[in-house]
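Please consult the sequence and the structure shown here.

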Amino acid sequence: MLRTKFVFKLVPIGLAITMVLVLVAVALSPTAAVSPLQSEPPSWEYQVVRAYFDDPAMVAALAAWIEPWEVNYEAGYVVVGVTPGDYKLLTTLGFRVEVDSGLSAALNQPRQALPGQGGDTIPGFPCYRTVEGTFTALQDMASTYPQLASVVDIGDSWEKTQDSSQGYDLLVLVLSNQNVPGPKPKLFISSSVHPREYAPPELSTRFAEYLLQNYGQDADVTWLLDYNEIHLLTFANPDGRKQAETGLLWRKNTNNLFCSDTDSRGVDLNRNFGFGWNCCGGSSGNVCDETYRGPSAASEPETQAIQAYMRSIFPDQRGDSINDPAPAEATGIYLDTHSFSKLVLWPWGGYNSPTPNGEAIQTLGRKFAYFNGYTPQQAIDLYPTDGTTLDFGYGDLGVPSYTFELGTWFFQDCQYFEGIVLPDNLAAYLYAAKAARTPYLTPAGPDALDVVLSSATVSVGTPVTLTATLDDTRFNNSNGAEPFENIAAAEYYLDVPPWITATVPISLPMAPVDGSFDQPVEVAAATIDTTGLPLGRHILFVRGRDAAGNWGAVSAVFLWIEEEPAPALYQMYFPWIGAGE
Ligand code: 0X9
Ligand code: ZN
């Protein structure tokens with residue numbers, strides 16, 4: 001599936017041909033993802049359909065009232081979930097609609113727990129912890145690692161605002177070494193704004209567990225928790241998530257003022273945010289619609305809590321005009337993780353123009369997409385939206401903000417989640433944590449990879465060789481080509497990283513192993529004199545600079561210094577025999 005600007009521009013020319021080709025391909029392919037297709041009106045309450053369009057403008061019009069689950073501009077169709085009323089409307093609007101009866105039937109199956117499955121995971125999906133299971137995990141992390149993790153209550157879900165014995169708290173897990181003073185750069189990740197998207201909150205919880213379990217073992221994880229802060233809102237919409245855990249395709253919050261007493265009630269929180277709310281035809285004013293924006297900007301308690309929290313952790317780094325850029329040195333990153341379609345999206349979602357920091361935002365987006373292999377693009381190129389989290393993060397605060405659309409389905413199966421979604425996106429999250437100090441600058445620079453020592457442990461006075469690869473090319477170029485340069489310099493720091501200003505950090509040079517820095521990928525090395533180093537664990541921070549002057553993200557390695565071995569007795573009496581025999 002392709003969802004790119006490039007394809008978008010080709011659509012008017014190629015649509016007729018591609019539609020025919022795709023229809024033939026679908027008909028012939030035994031492995032076609034959607035099967036069998038029928039042209040009959042649906043018989044179930046809620047159906048999954050392919051709606052074929054002949055003008056891309058039809059997608060924008062559609063997205064104002066229903067959320068396209070999948071958009072294939074090349075083949076000219078969207079996949080959407082519809083009620084019988086929606087189905088009729090789609091045909092009236094000129095879409096040719098085909099029911100995916102297989103997927104529709106699967107969605108209407110009652111959920112069953114697997115044999116032996118515990119109650120703290122979603123029935124049939126043992127890899128996804130429920131709201132309660134996740135909250136227990138967050139509290140466990142805070143009590144096991146009190147110096148590194150704490151849970152902060154940032155507000156109440158809609159149900160809790162109505163009745164304090166119902167609903168949930170909105171809990172943020174904050175990860176950082178409290179013994180290292182700040183201020184520190186912040187990475188904020190929210191998930192489950194849309195409850196039917198199962199993978200995102202579990203990904204965040206596993207990310208937290210990975211960080212805590214590897215603190216003190218892995219040098220990168222260690223400095224990330226020492227010098228940065230990671231804030232994880234696993235459930236932005238826990239009320240809705242409880243509905244989705246039963247198998248319902250719940251998207252909005254559960255606010256019963258809107259479309260009362262139905263499963264279509266509530267407000268789409270990802271259309272309710274206060275920046276550009278209702279600006280751009282990317283949301284609905286009909287209370288029962290999937291993309292209902294709410295009665296006013298930030299009307300919902302969940303939105304208010306998230307906005308207030310973001311404003312408390314991030315400084316406002318952008319002026320009030322839509323054309324004001326954040327400064328190049330601005331700090332912090334916001335990720336709002338969703339499912340599905342394998343995309344990395346950045347603002348604007350409501351405006352066609354790039355943001356005033358558009359180039360740097362795109363660079364970081366293409367870097368993220370290098371790790372997870374997703375298609376990087378500006379959000380509006382998928383379809384227009386307004387009042388979204390990412391337009392708020394950037395528009396209100398100047399923080400580079402992204403929506404990751406994880407994986408291939410809302411109820412992603414556990415094998416795909418654990419085998420693919422998790423490793424690919426953990427790598428992207430780790431990079432986000434590294435880049436959070438200067439997100440508009442660092443991603444253009446080279447990554448420091450394979451940082452190794454000739455020996456991880458040496459006795460004091462023994463020289464040790466540090467080697468690293470500097471790579472300026474790591475971008476996903478599936479939607480455009482990100483520029484790269486030759487490597488121009490590499491350096492390392494011993495124990496005091498380059499960003500510390502209280503003590504003077506000392507830059508130590510690394511030399512090109514092949515004699516000159518004249519390639520975009522270079523191996524560099526340095527010999528470290530360990531004379532006089534205190535015994536115990538040290539950390540070496542490595543980074544590279546490219547020919548355009550961009551310093552890339554730091555990678556680190558531990559060096560252990562131990563006592564010089566006491567000379568053997570015979571050496572004291574027969575020193576001419578030599579040491580170490
Ligand atoms: O429609 C949404 O809110 C997001 N997709 S989802 O399937 N998770 O619901 C996409 C928001 C990104 N913005 C734009 N596409 N403009
Ligand atoms: Zn979503």
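In this predicted model, a nitrogen atom of ligand 1 lies 2.7 Å from an N or O atom in the side chain of Glu405. A polar contact is a pair of N or O atoms within 3.5 Å. The table lists such pairs.

| Ligand 1 atom | Side chain | Distance |
|---|---|---|
| nitrogen | Glu405 | 2.7 Å |
| oxygen | Arg251 | 2.5 Å |
| nitrogen | Glu197 | 3.0 Å |

Of the 410 Å² of accessible area that ligand 1 has on its own, the protein covers 99% (Shrake-Rupley method, 1.4 Å probe).

Ligand 1 is surrounded by 16 residues (a heavy atom within 4 Å), and Glu67, Arg251, Tyr383, Thr385 and Glu405 are the closest. By class, this shell has five charged, six polar and five nonpolar residues, with Gly counted as polar and Tyr as nonpolar.

The chain is divided into domain 1 (13-107), domain 2 (121-442) and domain 3 (445-562), with bounds from an automatic or database domain assignment. Domain 1 contributes 15 residues and domain 2 contributes 19 residues to their contact (heavy atoms within 4.5 Å).

Residues are numbered from 1 along each chain as its sequence is written, and ligands are numbered from 1 in the order in which they are written. Local features need pLDDT of at least 70, side-chain atom pairs count only at pLDDT 80 or more, totals for chains, interfaces and linings use all residues, and side-chain values use heavy atoms, without hydrogens and water.

Methods: Polar contact = N/O pair within 3.5 Å; in protein donor to acceptor, adjacent residues only side chain to side chain.
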